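Work through the following exercises with the sequence and the coordinates at hand, and take each solution one step at a time.

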Amino acid sequence: MQDIADAAGVTKAALYYHFKDKIDLVSSILETEECQLKDGMDEFCTSDADLRTALEATAAFLFRSMQGDLPRLIMDVYKQLPRDTTRKLKMQQSVFDDSCVTQLLRDAAEEGVTDSEVDPELASMLWFGMVFAQIRVARMGDGLPMEPDVLARIITGIFLDGFLNNPVSSPER
């Protein structure tokens, strides 16, 4: 806590006045970041844009957001804190639980834009998985493999259209 207080230009006592311990401080930071991510995603999801445009804009927003210090902070937290503590933090993070992306996909299914038999929550997890896989890879190497808008368009295209030139109709279920 002393290093954090020094970096923030406050006393250690001031930190303890606001936060009971390091875990409380980290939880507060992650909660603030989570709210900013949710607000940013909601901005793109609630626009009047069509599904493809909304997903592309949301992915590009996430790529840009994750180029800052947040991913490094999250990785540091999970490296430094005890395993039982990181499990609690993971359970608290709900930025993607019932996200605006899930709602977009629900709406699209109701409107007949997407296959109504595909669970919107599962589809949302798949889309986030594709987006965050790129973010994880970027954090391990030299960054994103291309501009965020281009990568967002590619991921959304694969997610919505697949990558076959001539899609074959799916077999009977």
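A residue is called buried when its relative accessible area is under 20%, exposed when that area is over 50%, and partly exposed in between. The model used in these exercises is a predicted one.

**Exercise 1.** Find the disulfide of the structure and describe its geometry.

Solution. The structure contains one disulfide, and the cysteines that form the link are Cys 45 and Cys 100, with an S to S distance of 2.3 Å. Turning to the torsion, the angle about the S-S bond is 45°, and the link of Cys 45 and Cys 100 is right-handed.

**Exercise 2.** Determine which parts of the chain the pair Cys 45 and Cys 100 ties together.

Solution. Cys 45 belongs to helix H3, which covers residues 22-45, while Cys 100 belongs to helix H7, which covers residues 100-110, so the link ties together parts that are 55 residues apart in sequence.

**Exercise 3.** Classify Cys 45, Cys 100 and Cys 35 by accessibility.

Solution. Cys 45 has a relative accessible area of 9% and is therefore buried. Cys 100, at 11%, is buried because this value is under 20%. For Cys 35, the relative accessibility is 40%, so this cysteine counts as partly exposed.

Notes: Residues numbered from 1 in each chain as written. Predicted model: local features only at pLDDT ≥ 70, side-chain atom pairs only at ≥ 80, totals over all residues. Heavy atoms only, no water. Disulfide = S-S within 2.5 Å. Helix = DSSP H or I, 4+ residues; strand = E, 2+ residues; numbered from the N terminus. Buried < 20%, exposed > 50% of the residue type's maximum accessible area, 1.4 Å probe, protein only.
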